[in-house]
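Work through the exercises below with the structure open. Try each task before reading its solution.

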Amino acid sequence: MRLLFLGDIVGRAGRQAVLEALPGLRRRYALDCVIINGENAAGGFGITEAILVELLEAGADAVTLGNHAFDQKEALVFIERHDRLLRPINYPAGTPGRGAALIKTAGGADVLVINAMGRIFMPELDDPFRAIDAELTACTLKQGADAIVIDFHAEATSEKQALGYFVDGRASAVIGTHTHAPTADDRVLPGGTAFISDVGMCGDYNSVLGMEIEEPINRFLTKIPRQRFEPASGPATLSGLAVDIDDKTGLARRCSALRMGPNLEQAAPAFWDN
Ligand SMILES: [Fe+2]
Ligand SMILES: [Fe+2]
């Protein structure tokens, strides 16, 4: 199975780049499953139903979220209608939506997608380790799902790496999101789980985390908000992780960063080209 995960879409620039590139990427690499983090898709904050539908129609199999899940209040309602939209699983009981879902791909594979949020330098949610462990116990690789993909939305690289090794051999991939800056530690862990501490964002990197640079600088200098954060509007770079999953075991054979766009050095998963 060929899986592509794309990091946090930031604003219109990120959306446009993803919508333009995704159909071609699906064809070029014969992708079986595409998962996208959409927590910053609507003006940098949250997601609307119209944007979600656009992403699904462009070829996303599932869309994950994070600490900005409910910045657009309509998400509290429409998330109940969309079983391919996930918010962090460790929100308090009773939070609308779901944190794990078994997604059927176009090719007929069952992919368990789990979205969870870290707790270091983040809002205090329930324990993500135990929440994920419960899902992996209820739905195991090959018995319950052909592949298991975890979007771990967290700030601290230590927490992300610890989670990677905690589930190593039980999930196909653990992909870090939230920092909007890609790390260079993409690899397959000893037990067969593809891992990256942070996959980066789909947005204009000529920015501070995808936002126009003036206001972040102002806030660091003065501590007084002068205006809203606005997504940077230059051409966006896509950042993702490509994972080659063994159909027999559900574990990763190879993984590699994918970066496409004007801001960062390009990277492409060479193992899919031959
Ligand atoms: Fe984000
Ligand atoms: Fe986030």
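**Exercise 1. A helix and its contacts**

In which helix does Phe-166 lie? Keep in mind that the model is predicted.

Solution. 
- Step 1. Phe-166 belongs to helix H5. Tyr-165 is also placed in helix H5, which covers residues 157-166.
- Step 2. Check accessibility. Phe-166 has a relative accessible area of 35%, so it is partly exposed. Tyr-165 has 44%, so it too is partly exposed.
- Step 3. List contacts, leaving aside neighbours within four places in sequence. Phe-166 is in contact with Phe-129 and Asp-133. Tyr-165 is in contact with Arg-187, Leu-189 and Pro-190.
- Step 4. Tyr-165 and Arg-81 are 34 Å apart in space and 84 residues apart in sequence.

**Exercise 2. The iron ion (ligand 1)**

Which residues coordinate the iron ion (ligand 1)?

Solution. 
- Step 1. Asp-8 (OD), Glu-39 (OE), Asn-40 (OD1) and His-180 (NE2) coordinate the iron ion (ligand 1), at 2.0 to 2.2 Å.
- Step 2. Examine the angles. The four donor atoms subtend 88 to 167°, which makes the arrangement irregular. A tetrahedral label would need all angles between 85 and 135 degrees.
- Step 3. Write the donor spacing: D-x30-E-N-x139-H.
- Step 4. Locate Asn-40 and His-180. Asn-40 sits in the loop between strand S2 (33-37) and H2, and His-180 in the loop between strand S8 (173-177) and strand S9 (187-188), so the pair ties together parts that are 140 residues apart in sequence.
- Step 5. Check burial. Asn-40 is buried, at 2% relative accessible area. His-180 is buried as well, at 8%.

**Exercise 3. The iron ion (ligand 2)**

What are the donors of the iron ion (ligand 2)? Which residue links this ion to the iron ion (ligand 1)?

Solution. 
- Step 1. The donors are Glu-39 (OE), Asn-67 (OD1), His-153 (NE2) and His-178 (ND1), at 2.1 to 2.2 Å.
- Step 2. Their spacing along the chain is E-x27-N-x85-H-x24-H.
- Step 3. Judge the geometry. The four donor atoms subtend angles of 87 to 146°, so the arrangement is irregular. For reference, ideal tetrahedral angles are 109.5 degrees.
- Step 4. Find the bridge. Glu-39 bridges the iron ion (ligand 2) and the iron ion (ligand 1), which lie 3.4 Å apart.
- Step 5. Trace the chain. Asn-67 in the loop between strand S3 (62-64) and helix H3 (75-78) pairs with His-153 in strand S7 (residues 147-153), linking distant parts of the chain, 86 residues apart.
- Step 6. Compare accessibility. Asn-67 counts as partly exposed at 22%, whereas His-153 counts as buried at 0%. The limit for buried is under 20%.

**Exercise 4. Positive phi**

Solution. 
- Step 1. Recall the background. Most residues other than glycine have a negative phi.
- Step 2. Phe-121 is not a glycine, yet its phi is positive, about 55°. Phi of His-180 is also positive, near 70°.
- Step 3. Phe-121 is in the loop between strand S6 (110-117) and helix H4 (128-138). His-180 is in the loop between S8 and S9.
- Step 4. Compare accessibility. Phe-121 is exposed, at 70% relative accessibility. His-180 is buried, at 8%.

**Exercise 5. Glu-54**

Where is Glu-54 placed, and which residues does Glu-54 touch?

Solution. 
- Step 1. Glu-54 is in helix H2 (residues 49-58).
- Step 2. Its relative accessibility is 36%, so Glu-54 counts as partly exposed.
- Step 3. Not counting residues up to four places away in sequence, Glu-54 touches Arg-15 and Leu-19.
- Step 4. The C-alpha atoms of Glu-54 and Leu-76 are separated by 19 Å, and the two residues are 22 apart along the chain.

**Exercise 6. The largest pocket**

How many residues line the largest pocket? Describe its lining.

Solution. 
- Step 1. The largest pocket holds about 360 Å³ of space.
- Step 2. Its lining has 17 residues. His-68, Val-208, Leu-209, Met-211 and Phe-229 lie nearest the centre.
- Step 3. Sort the lining by type: seven nonpolar, six polar and four charged residues.

Key: Residues numbered from 1 in each chain as written. Chains lettered and ligands numbered in written order. Predicted model: local features only at pLDDT ≥ 70, side-chain atom pairs only at ≥ 80, totals over all residues. Heavy atoms only, no water. 1 Å grid on protein atoms, 1.4 Å probe; cavity = no way out; pocket = protein on both sides within 12 Å on 5 of 7 lines; lining within 4 Å. Points joined across faces, edges and corners; volume = space filled by probe spheres on them. Nonpolar A, V, L, I, M, F, W, Y, C, P; charged D, E, K, R; others polar. Helix = DSSP H or I, 4+ residues; strand = E, 2+ residues; numbered from the N terminus. Buried < 20%, exposed > 50% of the residue type's maximum accessible area, 1.4 Å probe, protein only. Contact = heavy atoms within 4.5 Å. Donors = N, O, S within 2.8 Å, 3.2 Å for Na, K, Ca; no water. Tetrahedral: all angles 85-135°; square planar, octahedral: opposite > 155°, others 65-115°.
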